[in-house]
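Please read it alongside the structure shown below.

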Amino acid sequence: MIQSGWPELRLSDPAKSRAVLIEAHEFARNGAGIRDPRRHLASRPSVERGCRRLAELFQDPAVWGLYRENCHVVSQPTRDALLGAVHDAAAAATDTLVVYYAGHGLLYPFSTGLHLSVPETTKDKPFTAVRYEDVRGILLGAVHVRRKVVILDCCFSGTALRESLSSGDDATLLADVQGTSVLAASPATQWALAVEGEQYPAFTGELIALLEAGVSGGPELLTMADLFDHVDRSLMQKNRPRPQQLNRDRGASICIARNQAPPLHQEPPENREEQNGKSGSGRRRMLLAIGLLVVFAVLIYFWLLPDGTGRQDGASGGSTSGKPSVLPGITCGKAQTTFDTGDGVKRTEVSIKVVHDAACKGDFDAMEVAMDRGGFDITESMGADPNKVIAMWKKRKDRTALLRPLVTLLEQKPEVSQGGLTFSNGRYVTTWQRGAGTQPDSHLRWSGYFDCRHIAESMSFMCTAP
């Protein structure tokens with residue numbers, strides 16, 4: 001949801017905006033009679049279907065209404081054709097520019113950053129692919145375009161959210177330009193999903209479904225933040241790779257779609273008043289009956305407990321409320337749940353307090369609920385199943401040594417970026433990523449907890465104290 005203090009939302013002007021949708025679904029074999037899986041990329045026929053359907057929705061007057069001549073599909077491009085199409089769209093747009101890419105995303109050992117595949121791309125030759133940095137350079141040069149949206153449906157696409165603008169400027173992020181939203185189908189270390197036999201790739205399919213059906217009871221216009229939140233929730237429910245998003249300045253409030261779902265029906269005020277007059281007494285009787293049932297159920301619950309104290313497990317610790325006591329050796333203060341992302345709006349993340357309080361008590365079950373369901377990063381593993389992480393933690397005899405640093409971190413001010421939050425003291429790190437969490441009213445998700453003494457070399461940048 002857009003925070004108070006932000007400007008009134010408006011749909012991007014179809015006459016002044018441009019969209020270029022690029023896809024690569026079939027890959028040339030360079031004359032090879034037999035496909036070599038070590039070099040050649042697999043075909044992805046669903047990529048083409050998803051790209052074309054998305055273009056149709058962008059042009060649909062009920063969704064965005066982008067002019068046909070302003071919406072270009074680039075299928076099976078060469079490297080030069082891909083960059084040329086982005087350049088032409090960037091030169092023509094003055095309101096909003098949307099760049100969508102679907103295909104294989106690649107990370108090469110000796111060539112940094114994300115690479116986008118084209119038909120001649122092979123796994124062993126980075127020069128056969130398009131460096132995303134080159135696409136980014138075109139976008140940064142289009143200073144006359146007020147809003148820029150990048151949508152990437154490819155493996156490792158989350159890498160695009162953390163690349164620097166230049167090799168010598170580690171503090172400046174990829175999308176550090178005014179009014180930009182970058183939406184990636186997967187985290188930097190994970191594959192995107194295109195299931196054989198399905199009509200569309202997983203991420204693009206959820207985006208298409210959202211644009212087609214809309215959000216029941218939702219706002220008239222869907223922002224980039226709305227699109228991300230609903231697609232993320234849908235993918236999470238299906239246990240599929242979770243998307244990532246990075247918004248700069250007012251990028252989260254860019255609108256390129258109307259909400260297709262009809263508004264919820266509301267009765268005229270006079271009808272509601274008449275109905276309330278007739279049924280008010282009945283409603284009061286019903287509420288009274290429900291209240292009595294609740295009280296009765298609570299009394300029965302405590303009467304049936306084995307020790308009559310309100311603790312089913314009879315656990316020691318001096319508490320008669322059923323809640324775990326604070327672990328010995330841990331001093332619990334107040335979690336740092338409020339932060340400012342740089343736009344002057346204070347935000348509160350409820351899941352930070354949930355994790356903090358659970359760590360104080362050693363309540364591993366509550367911590368598991370708060371973990372990123374798409375994969376949780378720890379010293380021993382990247383993107384591990386939260387259930388397995390908690391099972392491993394429960395076996396540890398030194399629970400206080402494990403959880404005390406976490407409690408301490410969450411009582412300190414975090415380092416804030418458009419990608420999320422980082423709590424670090426140089427030895428321990430815990431992270432929250434942008435995206436709908438598992439807690440009510442949660443806009444971030446707990447994504448990792450590291451011990452810097454044992455962290456992998458590739459993640460050592462996480463262990464720099466803010």
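## Packing of H2 and H3

Helix H2 (residues 79-92) packs with helix H3 (residues 132-141) at an angle of about 15°, and their axes are 9 Å apart. H2 is therefore roughly parallel to H3 (angles under 35 degrees count as roughly parallel, over 145 as roughly antiparallel, 65 to 115 as roughly perpendicular and the rest as oblique). The crossing of H2 with H3 is right-handed, a term used where the near helix is turned clockwise from the far one by less than a right angle. Axes are lines fitted to C-alpha atoms, for helices over the stretch in contact, and angles run from 0 to 180 degrees between N-to-C directions. Helices (H or I, at least four residues) and strands (E, at least two) are DSSP runs, numbered from the N terminus.

H2 contributes Leu 82, Leu 83, Val 86, His 87 and Ala 90 to the contact, and H3 contributes Asp 134, Val 135, Ile 138 and Leu 139 (contact means heavy atoms within 4.5 Å). Seven of these residues are nonpolar, one is polar and one is charged. Here Ala, Val, Leu, Ile, Met, Phe, Trp, Tyr, Cys and Pro count as nonpolar, Asp, Glu, Lys and Arg as charged, and the others, Gly among them, as polar.

## Basis of the model

This is a predicted model, in which local features need pLDDT of at least 70 and side-chain atom pairs count only at pLDDT 80 or more, while totals for chains, interfaces and linings use all residues. Residues are numbered from 1 along each chain as its sequence is written, and side-chain values use heavy atoms, with hydrogens and water left out.

## Packing of H4 and H5

The axes of helix H4 (residues 202-213) and helix H5 (residues 224-237) come within 9 Å and cross at roughly 120°, which means that H4 is oblique to H5. This crossing is right-handed. On H4 the contact residues are Ala 202, Phe 203, Glu 206, Leu 207, Leu 210 and Leu 211, and on H5 they are Leu 227, His 230, Val 231, Ser 234 and Leu 235. The contact of H4 with H5 comprises eight nonpolar residues, two polar and one charged.

## Chain and cores

The protein chain has ten helices and 21 strands. Of its 466 residues, 47% are buried (under 20% relative accessible area, with exposed over 50% and partly exposed in between; 1.4 Å probe, protein chains only). Among contacts between residues at least 6 apart in sequence, 67% join residues at least 24 apart.

The largest nonpolar core has 78 residues, of which Leu 21, Phe 58, Val 86 and Leu 211 touch the most other members. A nonpolar core is a set of buried Ala, Val, Leu, Ile, Met, Phe, Trp, Tyr and Cys residues joined through side-chain atoms within 4.5 Å. Beyond its neighbours within four places in sequence, Leu 21 is in contact with residues including Cys 51, Phe 58, Val 74 and Tyr 100. Apart from this core lies another, of 32 residues, among them Leu 327, Leu 402, Tyr 428 and Leu 444.

In helix H10 (residues 399-409), the buried residues include Leu 402, Leu 403 and Pro 405. The buried residues of H10 pack against elements including helix H7 (350-361) and strand E21 (444-451).

## Positive phi values

Phe 156, in the loop between strand E7 (147-153) and strand E8 (164-166), has a positive phi near 60° although it is not glycine. Its relative accessibility is 14%, so Phe 156 counts as buried.

Asn 239, in the loop between H5 and strand E12 (244-248), likewise has a positive phi, near 55°. Asn 239 counts as exposed because its relative accessibility is 65%.
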